[in-house]
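Here is a short briefing to read with the model open beside you. Have a look at the sequence and the structure first, and then we can walk through the topics together.

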Amino acid sequence: MSVVPLLLASCAAPAPPPAPPAGVAYAGPAALNIRKELGPRSVVVATAKHGDRLGVIETRRRFVKVRTAAGAEGWTDLNLLLSEQQMGDLLQLKVSAAKLPSQGTATVYEPLNIHAEPFRQSPSFFQIPENGLVDVIGHRVSPRDPPAPPKPQRARRTSAPTTKNKAGAFPFPLPAPPPIPPDVDLSRPAAPPAETRAAPLPLDDWFLVRTRTGDVGWALARMLVMAIPDEVAQYAEGHRITAYLPLGEVTDAERNQTKQNWLWTTASFKQEPYEFDSFRVFVFSVKHHRYETAYIERNVQGYYPVEAVSLPGGEKAFSLVLKDKDGRLNRCTYAFGGYRVRLASKEPYRAPPPLPEVRPFTSFAPSPPKAPASLRWTDRLRAWRKSWLGR
C-alpha cells in the first residue's frame, strides 16, 4: 500500500469554519421541519422544537436559511419563525396571563392550533389535542387577513405654466361672455359625487387560552366549545357560550343526584368587540328535576372578567362588567340565593393595563447587549479615559 495518498490527505487544509450567522431566530411551531433545499418536497435535514434558537444565514423573500445548534443547515418559511423580540413578547404574555381568572374551560372535537398572534398566518407553537381542555381568559376580534401596507403614490407630472395669451392668438377680439340669468343661485354647492363604500373586511373571533402547562396563545373561537354540561348548554338558543361558572350545588334526594347551579354569558355569532350580549342564571329544580331559568338579561354589552364573589355575611354573588347607555363601564355585582337574583352593587370599572402584545416581525438582527444597570463613578471614569486615551 502506497503512503503517498495518506501523506497528501494529511497535508490537506482543514475545512473553513462556517460563516457566523447574520441574525437570530426561534422556531415557532411545536415541530419545525428544516429542509435541505427550497420547496415543500425537499429532504428534511433537521427538526427544531418551539423556542429553539436558530442562526439566520440567508433570506430569500419569504424563505430563510437557518442553522441549528447542532450545525445542520436548511430552509424554512419566514412565517414559521419568531424574532428575538417576538419570543420575548410571548414569554411576557405567558407571565402576565398566568394571573387572569378563567372564564370557563373549553374543549375541541379535533386538534386545533394555538397561534402567537390572533391571525391565521401567525406561527402556531402548540396544538390542542382532540378532547383536550384549555382555560379561556381573553377575547379579540381581528381581520382575517392583516391589511397590506399602502402603496406609495406616484407624483403626477405637472406641465410648466405657459405665459402665452390665448386671446392674443386670434386676429379679432373675442365676444363678451353672455350675462348670467338672474334666477341662477350661485351659492348653491355642486352635488357631491356618490360615495363608494368598500366591502367590509372579513373578521375572526379569537379566544386567548391557557393550557394546563401554562402556555398561552390565541385559538379560533368558533372551533372551541365550552365544557358546560349538555343539559344546560342545550338552552343556548343558537348563541355561543363565552363564559360560565358554577354558583353552588343542589342535592336531589329523590333521585340521589347532585347538580350545580350555573351562570353563563352568551354572544351571537357576529364579530363584536365585547364578549357577550346576554347572561342567564340556571338553577336546578328539585321539584321538577330539571334546570330552570332564575334570571336572564338580554341586549347588553358585557366584557371579561366574569367572576364569582362573596358578599358580607357569606351570601353568594357574581360580578360582570357591563356598559351603560352613556358608554361607561360598570362592575355590576348580583347576589344569588335560592331562586332569587338581585343587583347588589354597581360601581365604575377601571380596566387593567392591556396584556403584552406579540409585536409584528421587524428583523432577525440580534438585540444589542444591555449595559449594566449601574456603574460606580470610578468605572465610568475608567471607561471615559479609555475612550479618549485608548488605555
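Which residues line the largest cavity? They are His139, Asp205, Arg240, Thr242, Ala267, Ser268, Lys270, Glu272, Tyr274, Glu275 and Asp277. Before going further, please note that this is a predicted model, in which local features need pLDDT of at least 70 and side-chain atom pairs count only at pLDDT 80 or more, while totals for chains, interfaces and linings use all residues. Residues are numbered from 1 along each chain as its sequence is written, and side-chain values use heavy atoms, with hydrogens and water left out.

**The cavity**

- A cavity is a set of points, on a 1 Å grid over the protein atoms alone, where a 1.4 Å probe fits but cannot get out; lining residues have an atom within 4 Å of a point.
- A volume is the space filled by probe spheres set on the points, and grid points are joined across faces, edges and corners.
- By this rule there is one cavity of 30 Å³ or more, and the largest cavity has a volume of about 60 Å³.
- The lining of the largest cavity comprises two nonpolar, three polar and six charged residues.
- For these classes, Ala, Val, Leu, Ile, Met, Phe, Trp, Tyr, Cys and Pro count as nonpolar, Asp, Glu, Lys and Arg as charged, and the others, Gly among them, as polar.

**The pockets**

- A pocket is an open set of grid points with protein on both sides within 12 Å along at least five of seven lines.
- The largest pocket has a volume of about 1200 Å³.
- Of the 46 residues that line the largest pocket, His139, Arg140, Trp218, Leu355 and Glu357 are the closest to its centre.
- Helix 2 (84-97), strand 11 and strand 18 (290-310) each supply at least two residues of this lining, and strand 11 gives the most, with five residues.
- Helices (H or I, at least four residues) and strands (E, at least two) are DSSP runs, numbered from the N terminus.
- By class, the lining of the largest pocket divides into 31 nonpolar, eight polar and seven charged residues.
- The second largest pocket has a volume of about 250 Å³, and of its 16 lining residues the closest to its centre are Leu224, Val225, Met226, Ala233 and Ile241.
- Strand 14 (225-226), helix 3 (230-233) and strand 15 each supply at least two residues of the lining of the second largest pocket, which has eleven nonpolar, two polar and three charged residues.

- Seven strands form an open sheet in the order 15-16-17-18-19-20-21, with antiparallel pairing; two strands pair if DSSP finds at least two bridges between them.
- Strand 15 (240-252) and strand 21 (340-348) stand at the edges with a single partner strand each, so one side of each is left without a neighbour in the sheet.
- From one strand to the next, the twist averages 30 degrees; axes are lines fitted to C-alpha atoms, and angles run from 0 to 180 degrees between N-to-C directions.
- Strand 15 and strand 16 (residues 257-267) run antiparallel and are joined by ten bridges, with Tyr244 opposite Trp264 in strand 16.
- Strand 20 (residues 329-337) and strand 21 also run antiparallel, joined by eight bridges, and Gly337 stands opposite Arg340 in strand 21.
- The hairpin of strand 20 and strand 21 has two residues between the strands, and Gly338 takes a positive phi near 65 degrees there.

- Buried means under 20% relative accessible area, exposed over 50%, and partly exposed in between (1.4 Å probe, protein chains only); contact means heavy atoms within 4.5 Å.
- Ser83 lies in strand 7 (residues 81-83) and is buried, with a relative accessible area of 1%.
- Not counting residues up to four places away in sequence, Ser83 touches Tyr26, Phe361, Ser363 and Phe364.
- Ala116 sits in the loop between strand 9 (112-115) and strand 10 (124-128) and is buried, at 4% relative accessible area.
- Beyond residues up to four places away in sequence, Ala116 touches Leu90, Ser122, Pro123, Phe125, Trp218 and Val358.
- Arg144, in the loop between strand 11 (133-143) and strand 12 (203-210), counts as partly exposed at 32% relative accessibility.
- Arg144 and Leu203 are 59 residues apart along the chain, yet their C-alpha atoms are separated by 5.0 Å.
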